[in-house]
Amino acid sequence: MAMNGYEGGLKMIEELTTNAEQTQDEVLREILSRNVGTGYLMGFLHGQTEKWLFKKNVLVVTYEDLKPFIDRIANRETSEILLAKPVTGFYLSSGTSGGQPKLMPVTAEYQKNGALYDTLSQSPTMRHFGDINQAGKRMELMFARPEIETPSGLKAASVLTSVYNESKFRTILPKLYTSPIETIFCPDPNQGLYCQLLFGLIQRDEVVRVGSLFASTVLRGIKFLENHWQELSYDIKTGRLSDWITDSGCRNAASLVMKPNPEQADLIENISNCKSWEGIVTKLWPKARYISCVCTGVMRQYIAELEFYCRGLPLVSTFYACSEALCGINLEPLCKPCDVSYTFLPNMAYFEFLPVENDHDESIEMKRNDEDTELVDLVNVKVGQCYELVVSTCAGLYRYKVGDVLMVSGFYNNAPQFQFVERKNVILNVDQEKTSETDLFKAVIEAKALLDPLGFILTEYTSYVDTSSAPGHYVLFWEIKGKEGKHCKELDPKIMVECCTRMEESLHYTYKIYRKRNIIAALETRVVKQGSFEALMDYYVSKGTSLSQYKKPNCIKSEEALKILDSRVIGKYFSPKSPL
Ligand code: AMP
């Protein structure tokens, strides 16, 4: 369908959401008719393409089930073992939330879908903020990772790296973004970040949108700026790039635009040289209309801090998608970050939903097996119910569990809207009490409320289960920042002990019973120095994670990552009593 700017996008959203059921049926019909002859589907459907047979016979799988097929394609076998269309490459999922990066087959058509999704996801935002493509530039923090070549010769790259490599993106980049391509592809993310901030500051009067894919990267950028603004303004004053930027691409890009600009540098210095950085983004980029970054899911922990720095600007989460499939868009960009819902676009994939029960009702029940639970179609989900997302695509995924839990918050026309709840995997487990990301998040929220009135902010947290002594116990790593020059040392230890107690009290029933019976020992909080979580991010980036796609693990599994945090601990506190 031809689209005329964002109005065309809005019209298409209306049509798709109105005809959600019919569109989903068409998508499934297309997937099956095309791929029924592949080795994988033959095993389930024996050449038949009826929907009911698909639902009855095709297994619901995880990445581990499909991995042998995907690995064979990466190792030179024909893609027809899994999908009919030729595989043009692979997407690498970020892997930081769930372990190793996964390889997802990509086809030419799938990539084309990406462009349509981008237009559709931007349309509601443009309805509110105007056509920002015409109004000015985006200061977007973007980081590509090197591609990996598989034995078949096909390349594997993160979704974003693939986008940055597209010729269309490279053509629009100078007009729509402040960052030159060399800074995005700079092999050293810190040099890339420095230069992207520099270019963003040089063009500050043109910037109408500030952002990155995820909230954590925007915050990383602001904190980096907090530590480097003097150097950046010196570079702008003198028109010379700092010597530590050794990347030749970045230096060349800078040499094309930098010239001494003492006036601009003085302005930036005056704005930045103040005690409180509240609202700094609005001051440095006065024409910015909003901040664009995902603030839901694991990113919700950054909302308070981002709101502090970006005071006066709305935080807009525009999309919910994954390397496996493009899924939903936010039709209400002005709604509060914590209330964001994503309306699913029924043309992007075939979506099914596995109902998820609450594990921690007031009794310890046996959970039903996934195999016993019927999958629900997109249009039949129930408001208020939580589901695990299952997708089928033309790119070789059939009834594939993404691992995300979503809650239905309503419908737009006939398409459901979902709030992101959590990643499916249990993150903390000493003895089958199964504490999820959301359980932990709620407990942390309760506890951190004790810090706020005292002038301290919890900026980052993560966790792990320490089983080095019996019984095992939960360890929380907290990075705390004092407001307006206050130092962490001023924080009364009694308050930290109280925070431990508050977290235990806020955890679920099973946890509390286990604590009472001493199956789990007292919860511990380890306060780490400022910058510890940046060091953690650097570690994951050095291991190959893209800075743009980085999602801080809510639970640490790697020994090395644990060492990074443990070596920066400045205080340890334990809950003194059982919570029941
Ligand atoms: P990746 O595998 O690197 O493509 O990351 C995709 C994952 O990021 C999804 O499965 C979600 O867990 C998470 N994600 C993506 N978009 C959102 C969003 N809008 N809100 C919360 N989590 C998200």
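**Terms and values in a predicted model**

Modeller: Over residues 362–369 pLDDT stays under 50, and for that stretch the model has eight contacts beyond four places in sequence. pLDDT is the predictor's confidence in each residue, from 0 to 100, and contact means heavy atoms within 4.5 Å. Where pLDDT is low, the predicted coordinates should not be read in detail. This is a predicted model, in which local features need pLDDT of at least 70, side-chain atom pairs count only at pLDDT 80 or more, and totals for chains, interfaces and linings use all residues. Residues are numbered from 1 along each chain as its sequence is written, and side-chain values use heavy atoms, with hydrogens and water left out.

Colleague: What is the mean pLDDT of the protein chain?

Modeller: The mean is 92, and 95% of the residues reach 70 or more.

Colleague: Why is Asn-347 called buried?

Modeller: Buried means under 20% relative accessible area, exposed over 50%, and partly exposed in between (1.4 Å probe, protein chains only). Asn-347 has 17% relative accessibility, so it counts as buried. Asn-347 lies in the loop between β11 (342–344) and β12 (350–355); helices (H or I, at least four residues) and strands (E, at least two) are DSSP runs, numbered from the N terminus. Leaving aside neighbours within four places in sequence, its contacts include Met-12, Leu-16 and Asn-113.

Colleague: Why is His-46 called exposed?

Modeller: Its relative accessible area is 61%, so His-46 is exposed. His-46 sits in the loop between α3 (39–45) and α4 (51–57), and its phi is near 45°, a positive value in a residue other than glycine.

Colleague: What makes Arg-76 exposed?

Modeller: A relative accessible area of 64% makes Arg-76 exposed. Its phi, near 90°, is also positive in a residue other than glycine, and Arg-76 is found in the loop between α5 (63–74) and β1 (89–92).

Colleague: How do you know that β3 pairs with β6?

Modeller: Two strands pair if DSSP finds at least two bridges between them. Five bridges join β3 to β6 (residues 207–214), and the strands run parallel. Arg-138 has Arg-209 as its bridge partner in β6.

Colleague: What makes β3 mostly covered?

Modeller: Five of the five residues in β3 (residues 137–141) are buried. Lys-137, Met-139 and Leu-141 point one way, and Arg-138 and Glu-140 the other.

Colleague: How does the span of α17 compare with the expected one?

Modeller: The expected span is 1.5 Å times one less than the number of residues. Helix α17 (residues 437–448) has twelve residues and reaches 16 Å from its first C-alpha to its last, close to the 16 Å expected. Nine of its twelve residues are buried.
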